[in-house]
Amino acid sequence: MVSNKIRKMLVVMLPLMLLAFVGCKVSYKLTGASIDYTKVRTISLETFQNRAAYQWGPMAAMLNETLSDVFIQQTKLVQVPRGGDLQLAGEIVAYDQFNKSISSDGYSAMVQLKVTVNVRFTNNTNHEEDFEKQFSATRDFDASQSLESVQDELVTQIIKEIVESIFNAAVANW
């Protein structure tokens with residue numbers, strides 16, 4: 001049995017606790033971007049060219065479209081052809097495949113596809129954030145498959161990962 005004192009305390013404390021919980025608010029920024037829109041309003045995305053020794057035609061277009069889409073969808077920045085507060089430029093510098101593992105019969109069992117993109121980022125409102133660096137991503141595929149049969153899917157995944165890394169390095173300040 002609950003004593004009268006405890007019952008009275010519960011009657012007083014329960015509404016206060018409910019008010020405290022209702023007054024609390026947690027908010028998250030889903031984009032991950034930390035941009036001061038009072039200073040930074042525009043971004044220029046230079047067309048990334050494919051300068052890799054081995055090339056696959058659609059790859060540069062995929063990279064450029066994905067990069068543009070990410071900045072449109074995850075920021076309020078206006079894309080301008082040149083002279084933006086933020087500027088991204090670069091090129092695809094490597095598109096390679098390597099034997100990753102060898103089977104017992106001496107032939108390749110797994111192949112790794114690797115794409116590397118060199119990026120130059122300029123923040124015209126804070127040049128301390130400028131950088132030039134390379135971003136790479138890889139995907140493995142079974143050596144019994146031809147590169148042509150898996151290329152579109154794997155490059156799409158690789159480009160998505162590289163663009164996420166570029167976005168985080170440029171505007172997420174992680």
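The side chains of Asn123 and Glu129 are joined by a polar contact of 2.8 Å; such a contact is a pair of N or O atoms within 3.5 Å, where, within protein, one atom must be able to donate a hydrogen and the other to accept it, and residues adjacent in sequence count only if both atoms are side-chain atoms. This is a predicted model, in which local features need pLDDT of at least 70 and side-chain atom pairs count only at pLDDT 80 or more, while totals for chains, interfaces and linings use all residues. Residues are numbered from 1 along each chain as its sequence is written, and side-chain values use heavy atoms, with hydrogens and water left out.

Asn123 belongs to strand E5, residues 108-123. Strands (E, at least two residues) and helices (H or I, at least four) are DSSP runs numbered from the N terminus. With a relative accessible area of 5%, Asn123 is buried; buried means under 20% relative accessible area, exposed over 50%, and partly exposed in between, for a 1.4 Å probe and protein chains only. When its neighbours within four places in sequence are left aside, Asn123 is in contact (heavy atoms within 4.5 Å) with Asp85, Leu86, Glu129 and Asp130.

The next topic is charge. Side chains of opposite charge can pair when their charged atoms come close. A salt bridge is a side-chain nitrogen of Lys or Arg within 4 Å of a carboxyl oxygen of Asp or Glu, and by this rule the count comes to four salt bridges.

One of them pairs Lys100 with Asp140, whose closest N and O atoms are 2.6 Å apart. Because Lys100 lies in strand E4 (residues 86-102) and Asp140 in strand E6 (residues 131-142), this pair ties together parts that are 40 residues apart in sequence. Lys100 is partly exposed at 48% relative accessible area, and Asp140 is partly exposed at 33%.

Arg120 and Glu132 also meet through their side chains in a salt bridge of 3.9 Å, N to O. Arg120 lies in strand E5 and Glu132 in strand E6, so the pair ties together parts twelve residues apart in sequence. Arg120 is partly exposed, at 29%, whereas Glu132 is exposed, at 52%. A network of salt bridges links Glu91, Arg120 and Glu132.

Finally, Arg139 forms a salt bridge with Glu161, with the closest N and O atoms 2.8 Å apart. The pair links distant parts of the chain, 22 residues apart: Arg139 is in strand E6 and Glu161 in helix H3, residues 147-172. Arg139 is partly exposed at 21% relative accessibility, and Glu161 is partly exposed at 34%.
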